[in-house]
Amino acid sequence: MRIVLGVSGGVAAYKAVLLLRLLREQGHRVRVVPTASALRFVGAPTWEALSGEPATDQVFEDVEHVPHVALGQGADLVVVAPATADLLARAAAGRADDLLTSTLLTARCPVVMAPAMHTEMWEHPATVANVATLRARGVHVIEPASGRLTGADTGPGRLPEPDEIARAALAVVAGVSRVDAAGAGAGADRGPAQDLAGRRVVVSAGGTREPIDPVRFIGNRSSGRQGVELARAAAARGAHVTLVAANLSPDVAALVRAPGGVPDAVVEVETTAQLRDAVRSAAATADVVVMAAAVADFRPAHAPDAKIKKVPGQGPEPIVLVENPDVLAELARDRLRPGQVVVGFAAETGDAHASVLDHGRAKARRKGADLLVVNAVGEGRGFAVDANDVTVVDGAGDVVATASGSKGEVADAVWDVVVPRVASPTRDERAGTAE
Ligand SMILES: Cc1cc2nc3c(=O)[nH]c(=O)nc-3n(C[C@H](O)[C@H](O)[C@H](O)COP(=O)(O)O)c2cc1C
C-alpha cells in the first residue's frame, strides 16, 4: 500500500519515526511529508534514510512531478501523526500552504489524524471545532491518549503509541472505520454484518425549527428516533457516519451517546437552512445520504430580533410564510458524489383523496430520490413512539420492501434495501483514480 505519513511539529514527532519503521516493516511504501516545524524536531535525513524516499515540506521542489497534487492523488492512505493544533486548524480551514496541507486537499483515500498537544490546546473551543469539522468531512481523528505530556504535566493530549496508530489506520483501510486511542482493530467481533465497511453515510434526524422571533418557532413532533437508529445501524455495519441532528428530544440525544454503533460525527442544527448546509457539506464525500429529518416546508418570511409583544386590544400580526428549499429534491438532483444513493423519508397521513401509500408514491416520483421510506403518522403512529411501520418505494413509486417493528429493526430493514444499491467497492474506485 502507498502511505503518506504526515508529521507536524510537536515533540511527539520522534514517535512518528517508530511508526514509519513499523509501516515499512509491514511492507508498505511510505512517503514522509513533514511540516517545516516537524523538521526542527526530526531532520530530513532520518525520514529519508528510513523511508528510502525524499522528505520535504516544500511544494517548489521536484516540481516536474507536481508533488503537491501527485502525493495525495496516489496515496491509498494518509496518516498524520502527530497532528498539531496548528495542523488541525490549517486542514480544517482548507489551507494549502505547504506540501502536507496540499496533500490533504488532494487525497481521496482515507485520512487518519492522530493529534498530540497539551490538554489546554486540545480542549480549546477552536481545536474542538476544527476536529468536529474534519470529522464531519470524513477524516478519522483518533482520540489522544491521557498521560505524561512534554513537561511534567499530564492529561489528555498524548500521542497514542505507534503500534496503536498503525493498527487503527490500517483498520480504517480494511473497512473498519471506527477508531479511538485504544480501539485499534475495534469492531473485529462486532455482531452485525460489516456490509457498509469503508462507506461514508450521512443521516439527518429530528425536526427543524423556524424562528418566528427569538423565543418562538414553528416546529414539528419528530423526536429524531428513527434517524438516530438509522445512524447507529449504519455505524454498527461498519460505515463512517455523520449524523446531522435537528433538535433531538432528550432521550434520543442520550441514545446518540450510548454505546454500540455511535456515529463518528454529530453536527447539530436548528433550522432548515442550517440542516441543508450541513447535509450538503457532508454529502460531498458520502456514498449514501438518508434524509430522515422532518424538514419544515415553510418558514416565517421575517423573524424580528426582538420578541413580538402582545398589545392589549390589538390582534396579532399575521405571520407570512415563505417556502424553504426542498433539501431532498436538491440532493437527488445534484448528486454531490457520483453514484451516491439518496434516500428520503415521507411522513404521510391519508386523506379523502388518496391513501398514505399513494401520497408516498407520488412524492417518490416528484423528489427523484432512489428510495423513499413512507410511514403513516398521527394517532400514536410514527412520531415519538418506539415502533414504526414503513413501506419502501423506489424512484418510480414501486414498492420494494415493507418493514415493521422497533425503530432499530426498521433501520436495519432499510439498510438491507440500501446496501445492494451502493456501487462497487470504494477501494477499486480509488485504485482506478490513482493510476
Ligand atoms: C518544544 C515544543 C513542543 C511543541 N509541541 C507541540 C505539540 O505537542 N502539539 C502542538 O500542537 N504544538 C506543539 N508545539 C507548537 C508547534 O510547534 C507550533 O504551533 C508550530 O507552528 C506547528 O507547526 P506545524 O503545525 O506546521 O507543524 C511545540 C513547540 C515547541 C517549541
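Strands here, like helices, are DSSP runs numbered from the N terminus; a strand (E) needs at least two residues, a helix (H or I) at least four. Two strands pair if DSSP finds at least two bridges between them.

A word on the source. This is a predicted model, where local features need pLDDT of at least 70, side-chain atom pairs count only at pLDDT 80 or more, and totals for chains, interfaces and linings use all residues. Residues are numbered from 1 along each chain as its sequence is written, and side-chain values use heavy atoms, with hydrogens and water left out.

Back to that pair. β18 and β19 are joined by seven bridges, in the antiparallel sense. They make a hairpin, with four residues between the two strands. In the turn, Gly-397 has a positive phi of about 90 degrees.

Now zoom out. What is the order of the eight strands in the open sheet? It reads β12-β11-β8-β13-β16-β17-β18-β19, with mixed pairing. At the edges are β12 (265-269) and β19 (399-406), and each pairs on one side only. On average, neighbouring strands of this sheet are turned by 15 degrees against each other, direction ignored. For such angles, axes are lines fitted to C-alpha atoms, for helices over the stretch in contact, and the angles run from 0 to 180 degrees between N-to-C directions.

Look at β8, residues 200-206, and β11, residues 240-246. These two strands run parallel, with seven bridges between them. Val-201 stands opposite Val-241 in β11.

Next, the helices on this sheet. Contact means heavy atoms within 4.5 Å. Helix α15, residues 407-418, packs on the sheet and touches β8, β13, β16 (341-348), β17 (371-376), β18 (387-394) and β19. Its direction makes about 160 degrees with that of β19. Helix α12, residues 272-283, lies across β8, β11, β12 and β13 (288-291). α12 runs at about 175 degrees to β11.

There is another open sheet, of five strands. The order is β2-β1-β3-β4-β5, and the pairing is parallel. Its edge strands, β2 (29-34) and β5 (140-141), each pair on one side only. β1 (residues 2-7) and β3 (residues 77-83) share four bridges in the parallel sense. There, Leu-5 stands opposite Val-79 in β3.

Stay with β3 for a moment. Pro-82 lies in this strand. Is the peptide bond from Ala-81 to Pro-82 cis or trans? The bond is cis, with omega near -5 degrees. One more backbone detail: Asp-62, in the loop between α3 (44-51) and α4 (67-74), has a positive phi near 55 degrees. For background, most residues other than glycine have a negative phi, and most peptide bonds are trans.

Last topic, the ligand. Which of the 15 residues around the ligand come nearest? Gly-9, Thr-35, Thr-84, Ala-85 and Arg-90 do. A residue is near if one of its heavy atoms lies within 4 Å.

Now the polar contacts. For these, N or O atoms pair within 3.5 Å; within protein, one must be able to donate a hydrogen and the other to accept it, and residues adjacent in sequence count only if both atoms are side-chain atoms. A side-chain N or O atom of Thr-84 is 2.6 Å from a ligand oxygen. For the side chain of Arg-90, the distance is 2.7 Å. Leu-87 uses a backbone N or O atom, 3.5 Å from a ligand oxygen.

Which elements give two or more residues to the shell? They are α2 (36-41) and α5 (85-93). The largest share, four residues, comes from α5.
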